[in-house]
Amino acid sequence: MKIAVMGAMVEEITPLLERFKEYERVEFGGNRFYTLKYKGIDVTIAYSKIGKVNAALTASILINRFGAQKLLFSGVAGAVDETLHIGDLIAADYLVQHDLDITVFGHPYGFVPEGKIFIKSDEQLLQIADKTASSLGLTLKRGIIATGDQFINSHEKKEWIKKTFNANAIEMEGAGVAFVCDALGIPFFILRAISDAADAKAGFDFDEFLQSSSKISADFIIAMLERMA
Ligand code: 4EZ
């Protein structure tokens with residue numbers, strides 16, 4: 001079994017590399033890929049750099065060049081849903097691009113012809129995540145993650161995304177990964193730990209909690225890998 005684990009920022013994958021310690025490093029397409037064997041699973045870890053385009057590129061490389069058969073994403077996000085607090089985990093059951101807008105032609109937000117607005121994560125991986133959460137005594141929320149090429153730090157913008165897509169959390173890569181995996185038939189799972197509330201103090205909170213929330217997400221992904229081994 002070949003599994004890819006990806007993040008967007010180096011801080012998001014550092015706890016994974018620290019856990020595994022021994023890996024090989026390969027450069028391709030402007031990214032570094034770290035390969036290792038864990039309990040019989042071939043794992044490739046990479047960070048894409050921020051944004052949907054970078055995320056889509058890295059996901060494609062993980063699948064087509066490294067042969068990933070499943071893809072797990074680990075990282076942080078801004079909370080939209082008030083029940084989510086800093087450090088809480090959310091698994092996407094659907095992902096949507098909140099900044100995709102050809103509404104002037106009568107299309108809904110997040111839609112382009114021949115596409116879909118919402119992409120569903122793999123149900124089997126979501127179930128593995130639920131079991132992992134209950135075995136660790138953790139709460140894992142499922143919800144809609146809205147992705148766009150903007151760091152959201154305004155109440156208005158956040159409320160618009162919430163109202164338009166019924167989103168629970170916001171970030172900048174999930175839907176990019178989801179669209180690639182969906183198109184290529186690769187089961188995927190997107191996990192985020194909350195780093196901020198996408199409000200006026202989001203920039204400050206993000207800097208403060210990037211490391212600790214990245215670790216919460218990465219530790220959960222490691223527990224999922226253990227269960228999958
Ligand atoms: C993008 N990531 C943030 C990257 C910020 C700073 C150098 C997650 C994220 C996020 N994205 C956390 N909080 C967010 C927010 N409020 N809006 C968008 O995936 C790079």
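A pocket, in the sense used here, is an open set of grid points where a 1.4 Å probe fits, with protein on both sides within 12 Å along at least five of seven lines, and its lining residues have an atom within 4 Å of a point. In this predicted model, the largest pocket is lined by 19 residues, of which V76, F151, E171, M172 and F206 lie nearest its centre. Strand 5, strand 9 and strand 10 are the elements that give two or more residues to this lining. The volume of the largest pocket is about 230 Å³, and the ligand takes up the space of this pocket.

Around the ligand there are 17 residues, and V76, I152, M172, E173 and D196 come nearest to it. At least two residues of this shell are supplied by each of strand 5 (70-79), strand 9 (169-171) and strand 10 (188-196).

| Residue | Protein atom | Ligand atom | Distance |
|---|---|---|---|
| I152 | backbone N or O | nitrogen | 2.9 Å |
| E173 | polar side-chain atom | oxygen | 2.5 Å |
| D196 | side-chain N or O | nitrogen | 2.6 Å |

Of the 490 Å² of accessible area that the ligand has on its own, the protein covers 84%.

The composition by residue class can be given for both sets of residues. The shell around the ligand holds 10 nonpolar, 3 polar and 4 charged residues, while the lining of the largest pocket divides into 11 nonpolar, 3 polar and 5 charged residues.

How values were computed: Residues numbered from 1 in each chain as written. Predicted model: local features only at pLDDT ≥ 70, side-chain atom pairs only at ≥ 80, totals over all residues. Heavy atoms only, no water. Near = heavy atom within 4 Å. Polar contact = N/O pair within 3.5 Å; in protein donor to acceptor, adjacent residues only side chain to side chain. Areas by Shrake-Rupley, 256 points an atom, 1.4 Å probe, with all protein chains shown as cover. 1 Å grid on protein atoms, 1.4 Å probe; cavity = no way out; pocket = protein on both sides within 12 Å on 5 of 7 lines; lining within 4 Å. Sits in = over half its atoms within 2 Å of the grid points. Helix = DSSP H or I, 4+ residues; strand = E, 2+ residues; numbered from the N terminus. Nonpolar A, V, L, I, M, F, W, Y, C, P; charged D, E, K, R; others polar. Points joined across faces, edges and corners; volume = space filled by probe spheres on them.
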